[in-house]
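Please open the model in a viewer and follow the selections below in order.

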Amino acid sequence: MSKPVEIEEATFKEKVLEAETPVLVDFWAPWCAPCRMVAPVVEELAEEYDGKVSFFKVNVDNNPRIAGQYGVMSIPTLILFKAGQPVTNVVGFRPKAELKKSLDAAL
Amino acid sequence: MSEIKKEYDVIIVGGGPAGLSAGIYTARARLSSLLIEKGAIGGQIINSLAVENYPGFAEAVSGIDLTQAMHQQATGFGLTTVYADVTGIKPSGKKQIVSTSEGHYTAGAVILAGGSERQKLGIPGEAEYTGKGVSYCATCDGAFFQDRDVAVVGGGNAAITEAIELTKFARKITVVHRRDELRATRILQEKAFSGKKIEFLWDSVLTAITGDAFVEGITVSNVKTKKETRLPVAGVFMAVGFKPNTGYLRGVVELDELGTVIVNERMETSAPGIFAAGDIRSQSIRQVVSATGDGAVAAISAEKYLGK
């Protein structure tokens, strides 16, 4: 039930910037192998942080403007938003333990 | 989630082609087998969109599809996989104790198949601008450099493959290479030299990456004339070679001067019960086909060692 949901430019403001809970956004694209590898790890995190953090995915191919706005130039990039502001970002594939550490430190 | 047991006949460290092939052989030989992977199944080859030289695929196969199929095959024979970072290996009688970020595991035999990772140059700007113009994966990040000028650093297969990949997006690609000729295979060189967008800076090394919020340029030094030049680029793709993941193996098995594990033709290391396969071993030709071959040799040697 808490699987990361794919969102588009039209819903980004409401779902991410105006969210009351912290939000983790996974910037990815289908042609990026490390993105396909990080996806199952992010899904597990979405389960574990259910209720504490909302998880969304942004396909940079379809949404270049959002990616550009947040300076995403390597994927996968994970950005944690709190109260509409990006507070931390992680670039490239990282093991789950390391992602949890970055997430916990920023929450 | 079912409980993962702690004792095995064989532990394989690393889930690239070498480790997956070893796993197919040991699991199929009815040895209880554990694969420990620190990141993602597939190893370096997952960054390759088209593997054209693995036998059996007349149409190129992607690295990710190829290795996922290998993992499925090994899992079908009974291989168990855990995701953890291996931090040490210690012999204890006839057992090997493998320490990881998720606790200890023991096995009669260990196959080291941890491969290698992209070498970093360690120059000013490299770490700061990673993800802000510095990239280690052209297939992932090339599209962010549509109509921009970029540099590729290196002259081997990885560098030239990246330069060719980038011609789909970038306006101009400058390959910065420290020698006056490429190490890449002939077929790649032909593709690179015929590409109008690719230029070469020979005898040159990168000394700094500069910019503001994002990369804006690089400083390049000519190794013969010592002359420094600045080149405005928005992206820098690093492909300066690989370093073996053997940091935790110092004092456990013998390493050569490059840090790779010394093995004999049976893939035996200097330590009884520990074997090595693929890019992690000395003199590897760094190909998927040789890695899978090594994996099979190491698995059969491990089976003989265990006497089963």
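**Around a helix of chain B**

Start with α4(B): among what covers its buried residues are α3, β9 (149-153), β10 (172-176), α5 (186-194), β11 (198-201) and β15 (235-238) of chain B. Helices (H or I, at least four residues) and strands (E, at least two) are DSSP runs, numbered from the N terminus. The model is predicted: local features need pLDDT of at least 70, side-chain atom pairs count only at pLDDT 80 or more, and totals for chains, interfaces and linings use all residues. Residues are numbered from 1 along each chain as its sequence is written, while chains are lettered from A and ligands numbered from 1 in the order in which they are written.

Select residues 157-166 of chain B, helix α4; nine of its 10 residues are buried (20 or more other C-beta atoms, placed from the backbone, within 10 Å of a residue's own). Among these buried residues are B:Ile160, B:Ile164 and B:Leu166.

Five strands make an open, parallel sheet in the order β8-β15-β9-β10-β11 (chain B), where pairing takes at least two DSSP bridges between two strands. Its edge strands, β8 (134-135) and β11 of chain B, each pair on one side only. Two bridges link β8(B) with β15(B); pick B:Ser135 to find B:Phe237 of β15(B) opposite.

Finally, select the contact between the chains: 22 residues from chain B and 16 residues from chain A, with C-beta atoms, placed from the backbone, within 7 Å counting as contact. On the chain B side, α2 (63-76) and α3 (138-141) give two or more residues, and α3(B) has the largest share, three residues.

How values were computed
Two residues are in contact if their C-beta atoms, placed from the backbone, lie within 7 Å. A residue is buried if 20 or more other C-beta atoms lie within 10 Å of its own, exposed if 12 or fewer, and partly exposed in between; C-beta atoms are placed from the backbone.
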